[in-house]
Amino acid sequence: MRSKNSFLNIFTVILMQLLALVLNFVTRKLFLDNLSVTLLGVSDLFNGLFYSIGLIDIGFAAILVYNLYKPINEKDEEKVKWLVAAFKKIYFYIGLIIFLVSLIFMPFIYNMFIIEYDNYFVIYSSYIILLLNSVSKYFFIHKTNIVTVSQQKWKVNLANILLDVFVFILKAVAVFIFKSYIMYLLAIFMQTLGLNIINVYITNKLHPYLKHLPKVSFKEILDSKIIKQSKNFLYHVFYNFIYYSTDNFIIANKLGSSVIGYINNYMMIINIFAELISSIIISLRDSFANFLHEEKDIDGLFEIYSMTNIFNYFIVSVSIVGIYTMIDKFIMIWYDTSTVSYVIERGITIMLIVNLAIDLIFRPLENIYSIKGYVFKEKWPIFISALVNIVLSLLLVDTYGLIGIYFGTFVGKLVFWWGKLYYVTNDVFKTKKMETIIGLLKLVVILTLQVVIINYIADYCFPNVNNFMIFILRGVLCVLLTLCSTALVFYKSPYLIKLIKSGLSVIKGFK
């Protein structure tokens, strides 16, 4: 059942992300043709701001998921009900605080950032809508995470696919016919609200006993381990704030909000791959957790990790090689660069791709890190990495611009992932420490070689990419070369053989 649910989760995630990729490109094209890149920059800036303010929740979502694994696996309904009720109370007040804090910030946005759009009504209206979109999740999140822990995320993914299509139509109408940025944002808000309602509906179907929750006092919450875990999570809050918010803040403050719009043409593509691969690997996390709770077999866990590592690398290598060799070509073809050039400096693109590659290669290791609860123990590597990131970015931005900012992010990420590697290899995989470290270094070297060599071959075969037919042929060549070279590297690995057998077993089970 673990394998079946994992397969369904992965399949629907891939389907959902591919659809989102296509719809987002079309929507962004319509947006830039009918509105402006400045508004896109403002939208991305506000989303980053609300994400930062949202860190007031100090990781309660991760804490809830972590604490739910065991009672749901053991079918301890009373414990599950208490946890959901406790987090419902916590999140109600978190949502209220975030809403009020965001309103306090609103009058100062023109003072804090260089916003190159002087229609105050549009800017402040978009701020309010995006705020409501951000805050609304806190009134549903106590139940939405149940679906993930129960390995039933695929049901929500299917619903999200239908919502994506419906909301895409609304956004296209808003932008193309009415040319209204406000209507565009309202469509996004409707999607968020609809998805949350669907999550709650599925949760109530899976666990009917959650329709009636007990009353939980603040004293009970304070006496539980939840508050202690949240204190230990503060370092992660600091890290998340630095990594996922400050880059855009520095850009908006030093270089202007329009730059964010140009960068996010690239970031949208990069984030699609980041979310797709992360969602696939996170979909397997519940299987890791269930295996650990049921089997308590570390050698078996390392085997699952190694199989996941190879599976992950096949996807990562295709994605990174593809992005490196194709992203500039796509921007030039998709967006009309004869009127406005949306292509950014190559060095900036490389830094964005390097940062993505580091995150994706380490994703399977993060599964082990999370289910073992290190997320509540690790402190100094997280704090130091965030500090390195912000200090380097601020020191280098005036001299090197965007490359300086993203180089600071790169150095910080190295410290961050070293911390995760240290905890996992010195506790869980003690007997496999060197095998784990060498395995990851090997992947980095192989990926670097693949990127350089395959890009050279692609440039030689297709030097001028000026239409979609040549673009597709170049892309097919890159994918085939990447898959073949990756298969050659791992074809003797026992973990690849086990991975193939496991996949065939799941397919046979469906039949």
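**Legends to the close-up views**

**View 1. Val175 counts as buried, at 1% relative accessibility.** Buried means under 20% relative accessible area, exposed over 50%, and partly exposed in between, with a 1.4 Å probe and protein chains only. The structure is a predicted model, in which local features need pLDDT of at least 70 and side-chain atom pairs count only at pLDDT 80 or more, while totals for chains, interfaces and linings use all residues. Residues are numbered from 1 along each chain as its sequence is written, and side-chain values use heavy atoms, with hydrogens and water left out. Val175 lies in helix H8, where helices are DSSP runs (H or I, at least four residues) and strands are runs of E (at least two), numbered from the N terminus. Leaving aside neighbours within four places in sequence, Val175 is in contact (heavy atoms within 4.5 Å) with Leu30, Phe31, Asn34, Leu35, Ser180 and Tyr184. Arg28 is 147 residues from Val175 in sequence, yet their C-alpha atoms are 9.8 Å apart in space.

**View 2. Lys179 has a positive phi of about 50°, although it is not a glycine.** Most residues other than glycine have a negative phi. Lys179 belongs to the loop between helix H8 (153-177) and helix H9 (181-206), and with a relative accessible area of 45% Lys179 is partly exposed.

**View 3. Helix H15 (residues 298-334) and helix H16 (residues 346-361) cross at roughly 170°, their axes coming within 10 Å.** This crossing makes H15 roughly antiparallel to H16, since angles under 35 degrees count as roughly parallel, over 145 as roughly antiparallel, 65 to 115 as roughly perpendicular and the rest as oblique. On the H15 side the contact is made by Asn309, Asn312, Val316, Ile320, Ile323, Tyr324, Ile327 and Asp328, and on the H16 side by Arg346, Thr349, Ile350, Ile353, Leu356, Ala357, Leu360 and Ile361. By class, the residues of this contact divide into 11 nonpolar, 3 polar and 2 charged; Ala, Val, Leu, Ile, Met, Phe, Trp, Tyr, Cys and Pro count as nonpolar, Asp, Glu, Lys and Arg as charged, and the others, Gly among them, as polar. Axes are lines fitted to C-alpha atoms, for helices over the stretch in contact, and angles run from 0 to 180 degrees between N-to-C directions.

**View 4. The axes of helix H17 (residues 363-371) and helix H19 (residues 402-428) come within 10 Å and cross at roughly 60°.** That angle makes H17 oblique to H19. From H17, Arg363, Leu365, Glu366, Ile368 and Tyr369 meet Trp417, Lys420, Leu421, Val424 and Val428 of H19. The contact of H17 with H19 has 7 nonpolar, no polar and 3 charged residues.

**View 5. Thr409, found in helix H19, is buried, with a relative accessible area of 4%.** Val388 is 21 residues from Thr409 along the chain, and the C-alpha atoms of the two residues are separated by 8.1 Å.

**View 6. Helix H20 (residues 433-461) packs with helix H21 (residues 468-490) at an angle of about 145°, the axes being 10 Å apart.** Residues of H20 that meet H21 include Leu443, Ile446, Gln450 and Ile454, and among those of H21 in this contact are Leu477, Leu481, Ser485 and Val489. By class, the contact of H20 with H21 has 11 nonpolar, 5 polar and 3 charged residues.

**View 7. The protein as a whole has 22 helices and 0 strands.** Buried residues make up 55% of its 511 residues.
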